[in-house]
Structure formats: C-alpha cells, structure tokens
Amino acid sequence: MNSQNIKLLKKMISGLILLIATTSLAAFAASNSAKDKELLIHVDPSTHCAIKVTPSVNESNCALLYSESKNPCRNDPECVCSQKEKYIAWQTTTGDAFDIRFTEGSPFKRCEYQAGRDGEVRCKIKNTGDYYYEVNVKGCATNPYDPRIVVQ
C-alpha cells in the first residue's frame, strides 16, 4: 500500500469515528430529553393555594421534543411535555396535602391522584394527548390551579 492510500484510509477512519460520536451524542440527547419529570407545586404559605407549577430542574423539555414552530407549550410556562412510559411526579414546596384532578381524560391508566405519606403523587404515562389538570391543595379556599401536560 502506498502512502496516499494510507492517508486516505486514515481520513476515512477519522470521519467514521466522528460520525459515530455525533450519532451517539444525538441519540443520548434524544433519550435524555424525555426523562421522567418531577414537578414542584409552589404553595403560598399564608393561603395554602398553589401559585405555580414548575419542573424541579429548570428546563423545558418541550423545546427538546418539538421544533420551535410546533412546540405546544411555547406560550405556556406551566406546560410540560413528556412521552409514554415515562413518570411524572408532583410535590408541594411546603409539604401541604394535595390532589390532582384531570378535567377531560388522563394520560395515566391507574394512578393514585392524592399525595401519599411521602407527600408525592407519581404516575406512569400511558396515553398521548394534551391534558389540563387541577391541583387542589388542602386548606386553599379559592379555585384549583390548572396547569397542563402534553404527551407525544
């Protein structure tokens, strides 16, 4: 083999390694973007009412799962995106008792919607769709809080 063939072979191997590394990183990013979601229900300590619901990690995985133009949560800061077979868990910032109620259908098949002894509601997603739900915190005298989940 002459030196030109060896140089060409080295360039091809380098290119192949780069392609494999790029593909692996893209696959890792896609799998990581649809990880389980932990949501914090922020409760006003004086009224015991939910004032907002946010991911425990300040990230919008909707931007990772959808393009800018197709992001269903683009103008809704309290909307989260997920995928089937992933878990969503809710917990209050104050430890107040709460329950979750879906107004029209649910992304879950079987789920205990009332916070257990650990102060958490955790459910596995089984259905795709766009779901509004209510957060009812014990002791809150006003209307329930209503964030949203989008499952692809």
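Reader: Is Ile17 buried or exposed?

Author: This is a predicted model, and Ile17 is found in helix H1, residues 3-33. The relative accessible area of Ile17 is 55%. The cut-off for exposed is over 50%, so Ile17 is exposed.

Reader: Which residues make the nonpolar surface patch that includes Ile17?

Author: The patch covers about 270 Å². Residues in a patch need over 30% relative accessible area, and Ile17 has 55%. The residues that make the patch are Leu9, Ile13 and Ile17.

Reader: How many disulfides does the structure hold, and what is the pairing of the bonded cysteines?

Author: A disulfide is a covalent bond between the sulfur atoms of two cysteines. The structure holds 4 of these links. With the bonded cysteines of the protein chain numbered in sequence order, the pairing is 1-8, 2-5, 3-4, 6-7.

Reader: How many residues apart in sequence are the parts tied together by Cys49 and Cys140?

Author: Cys49 and Cys140 are joined by a disulfide, with 1.9 Å from S to S. Cys49 lies in strand E2 (residues 49-55), whereas Cys140 lies in the loop between strand E7 (129-137) and strand E8 (148-151), so the parts that the pair ties together are 91 residues apart in sequence.

Reader: Is Cys49 buried or exposed, and what is its relative accessibility?

Author: Cys49 belongs to strand E2, which is mostly covered, with 5 of its 7 residues buried. The cut-off for buried is under 20%. Cys49 counts as buried because its relative accessibility is 9%.

Reader: What is the angle about the S-S bond in the link of Cys49 and Cys140?

Author: The two sulfur atoms are 1.9 Å apart. The link of Cys49 and Cys140 is right-handed, and the angle about the S-S bond is 95°.

Reader: Which residue of E2 is the bridge partner of Leu40?

Author: Strand E1 (residues 37-44) and E2 run antiparallel and are joined by 6 bridges. They form a hairpin with 4 residues between them, and His48 in the turn has a positive phi of about 60°. In E2, the bridge partner of Leu40 is Thr54.

Reader: How many residues apart are Cys62 and Cys81?

Author: Cys62 and Cys81 form a disulfide with their sulfur atoms 2.0 Å apart. Cys62 is in helix H2 (residues 61-65) and Cys81 is in strand E3 (residues 79-82), so the pair links distant parts of the chain, 19 residues apart.

Reader: What relative accessibility do Cys62 and Cys81 have?

Author: The link of Cys62 and Cys81 is right-handed, with 105° about the S-S bond. Cys62 counts as buried because its relative accessibility is 1%. Cys81 also counts as buried, and its relative accessibility is 0%.

Reader: Leaving aside neighbours within four places in sequence, which residues is Asn71 in contact with?

Author: Asn71 is found in the loop between H2 and E3. Asn71 counts as buried because its relative accessibility is 12%. With neighbours within four places in sequence left aside, Asn71 is in contact with Cys62, Ala63 and Tyr66.

Reader: Where are Cys111 and Cys123, and how many residues apart are they?

Author: A disulfide joins Cys111 to Cys123, with 1.6 Å from S to S. Cys111 is in the loop between strand E5 (98-102) and strand E6 (120-124), Cys123 is in strand E6, and the two are 12 residues apart.

Note on methods
Residues numbered from 1 in each chain as written. Predicted model: local features only at pLDDT ≥ 70, side-chain atom pairs only at ≥ 80, totals over all residues. Heavy atoms only, no water. Patch = residues over 30% accessible without salt bridge, like charges linked within 9 Å, V, L, I, M, F, W, Y side chains within 5 Å. Areas by Shrake-Rupley, 256 points an atom, 1.4 Å probe, with all protein chains shown as cover. Salt bridge = Lys/Arg side-chain N within 4 Å of Asp/Glu carboxyl O. Buried < 20%, exposed > 50% of the residue type's maximum accessible area, 1.4 Å probe, protein only. Disulfide = S-S within 2.5 Å. Pairing = 2+ DSSP bridges. Contact = heavy atoms within 4.5 Å.
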